[in-house]
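Please take a moment to look over the sequence and the fold before reading on.

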Amino acid sequence: MNYYIGIDLGTSAMKSILTDARGTIVRQATATYDVIYPQNGWTEQNPSDWIVALNNVLAELLCVGKNCNKCDINDCLSAKSDTLSIVKCVKGISFGGQMHGLVALDKHGEVIRPCILWNDGRTEKQTAYLNEVVGKQTLSELTGNIAFAGFTAPKLLWLKENEPDNFARIDKIMLPKDYLAYYLSGVVATDYSDASGTLLLDVKNKCWSQKMANVCGISLQNLPELHESYDVIGTIKHDIAARFGMSDVKVVIGAGDNAAAAIGTGTVNDGDCNVSLGTSGTIFVCQNKFSVDRNNALHSFAHANGKWHLMGCILSAASCRKWWLEDILETCDYATDEQQISNVDSGNVIFLPYLSGERSPHNDVNAKGAFVGLTATTTRAQISRAVLEGVAFAIRDCYEVAKANGLQITHTNLCGGGARSATWQQIFADVLGIPVHILATEQGPSYGAAILAMVGCSVYRDVAEATEQMVSVKQTILPNPQNVAKYQKKYETFTKLYPLLKTLSI
């Protein structure tokens with residue numbers, strides 16, 4: 001039996017799985033790392049922390065050293081020699097990872113400064129320059145997208161203006177998951193799905209934009225090789241392979257986290273939809289042909305299956321519930337909260353989930369969160385439920401844009417940490433008014449990465465064949481007609497609040 005590794009480089013943790021060729025998960029490992037907050041609204045991470053995490057999860061997945069006693073793979077319970085035979089049967093590794101982060105390397109291959117993350121808000125000035133001076137129409141023609149504060153191109157402009165010495169040292173520009181692939185293989189590469197979020201890629205024609213490189217003051221030689229997400233870019237370097245007892249393991253470049261999650265949920269056919277509830281929230285709709293949202297409220301990106309998708313991203317999703325419970329109420333008892341809100345009507349309480357500004361569809365780094373409709377009789381449970389509803393309403397904003405562009409969405413998959421909440425599952429079905437599929441495997445990007453590793457290693461002919469074999473629906477949540485009508489009225493009020501609050505300049 002051959003084995004494959006999928007790595008998900010998240011914002012706060014690296015999640016990894018070891019699967020067999022049928023897609024059965026035989027082992028999982030997680031490692032955490034810190035987010036650095038140099039100033040209010042700024043977020044960074046040290047890529048060296050990702051490498052520590054990568055080595056730790058590989059050690060645990062492969063039963064190396066102190067972690068060997070945790071092994072639960074049936075074939076290697078009894079003897080070390082059996083464990084080594086499992087390690088020798090690892091054939092491929094691939095990645096899903098947080099998008100947009102700026103990893104800059106010097107000519108020696110060393111990281112120049114901490115990575116500026118996807119949710120960093122320091123580039124308001126540079127984003128405005130791109131949208132207003134270069135112009136939204138020009139950007140859309142060159143890349144299929146306009147500038148958002150989290151994208152990589154505004155970060156390059158910020159670095160050029162604020163850290164010119166560091167900018168002058170840049171030899172190669174990478175995205176977070178690609179740094180892992182570089183560490184393992186020595187190859188500087190990326191895939192089209194992740195590159196789509198840099199604002200440097202001509203997404204329609206799948207090539208770097210010379211004009212956008214000129215705008216950012218870089219050359220095309222500074223940018224990594226471009227590949228489909230299932231392409232093999234090399235093999236794990238001998239010294240690293242020897243450390244873990246592996247041999248001839250193919251490195252498959254992988255995909256941005258949302259595209260990888262879409263693969264992991266089988267969201268691969270034209271019109272297929274996936275909603276992901278992680279730190280951020282996304283709605284991801286597949287397209288066989290490239291198209292651009294006429295208002296550029298959604299992103300037009302390449303998909304990990306070789307085609308394209310439209311995506312809306314809200315910056316705060318499951319993180320809203322975490323903020324409310326852990327930071328405000330100072331409790332980690334999610335189970336009790338779930339019980340309290342499952343059958344509660346939130347009444348007139350509405351939550352705007354803009355805790356970190358907002359990307360889609362508002363593109364406003366200064367957007368603020370808010371509770372509206374509180375009274376002296378409002379309960380904790382009503383507010384807790386309103387938090388979940390507010391996130392669903394924000395996703396619906398993006399869903400409505402997709403529908404206005406002619407996409408026929410008949411159902412959606414739901415994944416991510418927030419998708420484990422049965423209450424949230426029903427809220428999404430009712431707010432969107434469509435069936436919600438809960439999948440048998442809940443690993444999201446790491447599972448998609450493992451699938452891409454298998455396709456790269458020719459276990460399956462293509463992504464569609466692989467997902468058809470490996471992804472299945474565990475449960476379908478149907479919308480409740482009475483709740484759909486109730487949420488329609490509440491959503492109409494929700495859509496009026498952001499424009500009103502924006503005028504207050506809080």
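**A walk through the model**

Strand 16 (residues 273–277) and strand 17 run antiparallel and are joined by five bridges, where two strands are said to pair if DSSP finds at least two bridges between them. Helices (H or I, at least four residues) and strands (E, at least two) are DSSP runs, numbered from the N terminus. The model is a predicted one, in which local features need pLDDT of at least 70 and side-chain atom pairs count only at pLDDT 80 or more, while totals for chains, interfaces and linings use all residues. Residues are numbered from 1 along each chain as its sequence is written, and side-chain values use heavy atoms, with hydrogens and water left out.

The link between strand 16 and strand 17 is a hairpin that passes through three residues, and within this pairing Val275 has Ile283 of strand 17 as its bridge partner. Strand 17 also pairs with strand 19 (residues 308–314), to which it is joined by seven bridges in an antiparallel arrangement; here Gly281 finds its bridge partner in Ile314 of strand 19. Seven of the seven residues of strand 17 (residues 281–287) are buried, so this strand is largely enclosed by the rest of the structure; buried means under 20% relative accessible area, exposed means over 50%, and partly exposed lies in between (1.4 Å probe, protein chains only). Both faces of strand 17 are covered, with Gly281, Ile283, Val285 and Gln287 buried on one side, and Thr282, Phe284 and Cys286 buried on the other.

From the strands we turn to the nonpolar cores. In soluble globular proteins, nonpolar side chains tend to be buried together. A nonpolar core is here a set of buried Ala, Val, Leu, Ile, Met, Phe, Trp, Tyr and Cys residues joined through side-chain atoms within 4.5 Å. The largest nonpolar core has 65 residues, and those with the most contacts inside it are Leu130, Leu156, Ile170, Leu199, Leu200, Ile218 and Ile451. Helix 15 (residues 445–456) gives the most to this core, contributing seven residues. If residues up to four places away in sequence are not counted, Leu130 touches Gly135, Leu139, Ala147, Pro154, Leu157, Leu199, Met212 and Val215, contact meaning heavy atoms within 4.5 Å. A second, separate core has 54 residues, including Ala297, Ala381, Trp424 and Ala429.

Charged side chains form links of another kind. Across the whole structure a search finds 20 salt bridges, a salt bridge being a side-chain nitrogen of Lys or Arg within 4 Å of a carboxyl oxygen of Asp or Glu. In one of them the side chains of Arg122 and Glu44 meet, at 2.8 Å from N to O. Arg122 lies in the loop between strand 7 (115–116) and helix 3 (124–143), whereas Glu44 lies in strand 4 (residues 44–45), so the pair ties together parts that are 78 residues apart in sequence. Both Arg122 and Glu44 are buried.

Arg321 forms a salt bridge with Asp337, with the closest N and O atoms 2.9 Å apart. Because Arg321 lies in helix 11 (residues 318–328) and Asp337 in helix 12 (residues 334–341), this pair ties together parts that are 16 residues apart in sequence. Arg321 also forms a salt bridge with Glu338, where the closest N and O atoms are 3.0 Å apart. Glu338 lies in helix 12 and Arg321 in helix 11, so here the parts tied together are 17 residues apart in sequence. Glu338 counts as buried at 17% relative accessibility, and Arg321 counts as buried at 7%. Elsewhere, salt bridges that share partners join Glu44, Arg113, Asp120, Arg122 and Glu163 into one network.

Thr43 is placed in the loop between strand 3 (25–32) and strand 4, and counts as buried at 6% relative accessibility. Leaving aside its neighbours within four places in sequence, Thr43 is in contact with residues including Tyr37, Ile116, Asn119, Asp120 and Arg122.

Cys273 is buried, with a relative accessible area of 1%.
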